[in-house]
Amino acid sequence: MSLTSLAAVQPVPPIPAPGAALGPALRHALRRGRGHVVLGVEADAPHRRRLARALLQEGALAAGGQVLEGPDGALLLVGAEARRAQRLRGLLERLVGAAGTRLWSLERDAAALLAYAEGAHAPQPSAEGPDLAALDAWIAALPLAGTIGRRIGEGPEGLAFLRLAPDRTRIAAGLGPLGADADLLDHAEAALAARLLPALADPDQARRLLGGLRPKRLHLPLAALSGLGVAPPGLFAATLPVALLVAPKRLATVLATLEAAGIGTVFETLDAATLALLDPAALPAGLIRLAHGPGLDPAAIPPLDPSRLILVAEEAGAARAFARAAGIALVETAG
Amino acid sequence: MLPRAAGTDAAAERRARAAVELAALVRESVAADAMREVLHLRLADLAPAQRRPHHRRLMREQLDSVLAAARARIFDLPNGDMVAIARAPAPAIELAAAALRASLDAAAAEAVRRLRLPESAAQLLNAAAEALGLAPPALPAAPPPEAALPFGSAELAAAERALAAADLDPVTIVQAVCRLDPEGGEPALAWEDRRLCWPALGALLLPGRDPDLAPGLARRLRRAAEARLLAELARPAAQAFWRPVGLSLSAATLTGPAFARFAEALPTGRRAEVTLGLGAAELLAEPSLLDAAAGLARRGFLLALDDLAPALLGLISPLLPGGGRAIGLLRLAWEPGLPAAMPDRLAALLAEVPESVVLTGVDRPAAIAWGWEAGIRLFQGPLVERRRRGL
């Protein structure tokens, strides 16, 4: 099989939109995974990409499997027989270099593969992004799984809650120049949050959003819960901005609505700077997120009841030590 | 007495005719499905002291001046009510309503109603019939649920284009901040507060749509409007007729390029004549804004904490003026309960820096009396506007 003869194989059948079919195909392949692999090729230049795709399709005839596109634009041969795929890889390395290919075992690398496929729905970082008029359509086309960030809350008995909220950094990266506008990000965040509850009602989507975990409580943005009439008691808590404190009338309305629906509250997020500006004793009942950071002084915590606090941290180790010292039971990390 | 009686008769006849014409216009509007914006001033909702003929005349003059350029029809009904109608979109109607409300006490703001034709035809026909004494005053029908048009990014993009060419003057509310002294004397103008009237701006740029449907998009539009306002204030023509000014800006505007250009264009000495209002909510959400505020204060601007309810003073006391902080002024919103419960924090503030408080929303003499007693000398609100005009 020579490279030049393959380059002439035209036209190539169309490949589905990035990531669209990857999840189902991958799950299917994982069920009969023994001795099979996923082969990935990163090829940027159009002529190499065409060639790589043709090679994979040719390979699929012999090694089995299906050619798909990965979240990062990589071409994937999903479910190929291991030994033949290994030979195909050698051929592809002559085309794109050794760093341009990857091989996952469907037996051993299932978790990594699923994580990779989940990224399939993240908005791609973009230098251009949508223009303003098309923003709503762009947001509506974003699949939730790749834009909702998941954070894990741990208590004394292990998993205490899961926090699901749109990931502003990922959305901003996909938005291009518009991503620098905090008000537009708020808008996108609210629109995505409003889709959370319906998605959680669908078992398949819920599994992906919850990452296979079974939390007893879910912390969600207020926009996700504002339309809910009555919630299962104790299941949901709504995240409220601290700025609501200076709008007492609206705060009272929001609190009354949430209480009537059986939804708890989590105030977000106090940090060293905010603690210096407001009297924390004035915060209404409910949990309070407290950002763990270098400026946070354990001496500033006493007016707050530690049992109401969630210590929010990027790095779990130091945060756990701080929480133990301050008597804070709940620690929230990226997991 | 005869001529006067005859004149009164003629006036009564004119008013009765106005009511009939109003009814005809409403029916025609329904028949043609023509969208019109309506303002209805109900005298019955005003306190008796505000229903006197000279008050009525002043309100009529106010309507005339705001609506002069808007091709609106104004109907003077037999019971003294006034109805102004203009073809939609008519931001001037919203502005007229805002202007009337600004000159009325808070309790009387209900008297100014905003309606739309053809949806509210029944209510207006009732009003016309009631004014003619034809029908018992019916309970005001609940306004029909507005079929709100969507407000999304496409509408925002169109609104931003419209804003670039829009005249902001008709949607800007100007209220004076005046120094009033217990010893008497004329109210002395300290500066003019210029604020965009959001309902009027919304009616101008997004007719028939509710900006609250998408708060994030509405905030972006607001920022664009603030940038326009700043650009116009910096123009040489505006600088030639300069008056000390008070602005209320969103945090993003204050730290953005529009404000940087404005500050650059302003002669250094004038910075002290610019008061910049910041919302407490924005400061709480983004405490680093205080550093930006401190920078602006060092450059000579006067930073103000915007329209704060008295009950919140204790909650965010580290933001209040005094002690060399960045915020130099507190705009305190008047509430009738203030004299009965003076917040401790306010007493302490006034003892430390008495010149750092403006009492806003002043709509009754009791507010000024209390302010004087507490040591406040700067006032803003409907009553201040009336006093400036010598009423």
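About 1,900 Å² is buried between chain A and chain B, with carbon and sulfur atoms giving 69% of that area; buried area here is the accessible area (1.4 Å probe) that two parts lose on being put together, summed over both. Three residues stand out on one side: A:Asp183, A:Val246 and A:Leu277 supply 35% of what chain A buries against chain B, more than any other three residues. This is a predicted model, so local features need pLDDT of at least 70 and side-chain atom pairs pLDDT 80 or more, while totals for chains, interfaces and linings use all residues. Residues are numbered from 1 along each chain as its sequence is written, chains are lettered from A and ligands numbered from 1 in the order in which they are written, and side-chain values use heavy atoms, leaving out hydrogens and water.

Who touches whom? At the interface, 23 residues of chain A are in contact (heavy atoms within 4.5 Å) with 26 residues of chain B. The rule also turns up 5 salt bridges across the interface, each being a side-chain nitrogen of Lys or Arg within 4 Å of a carboxyl oxygen of Asp or Glu. One of them links B:Arg219 to A:Asp186, with the closest N and O atoms 2.6 Å apart. By class, the chain A side that touches chain B has 16 nonpolar (Ala, Val, Leu, Ile, Met, Phe, Trp, Tyr, Cys and Pro), 5 charged (Asp, Glu, Lys and Arg) and 2 polar residues (the others, Gly among them).
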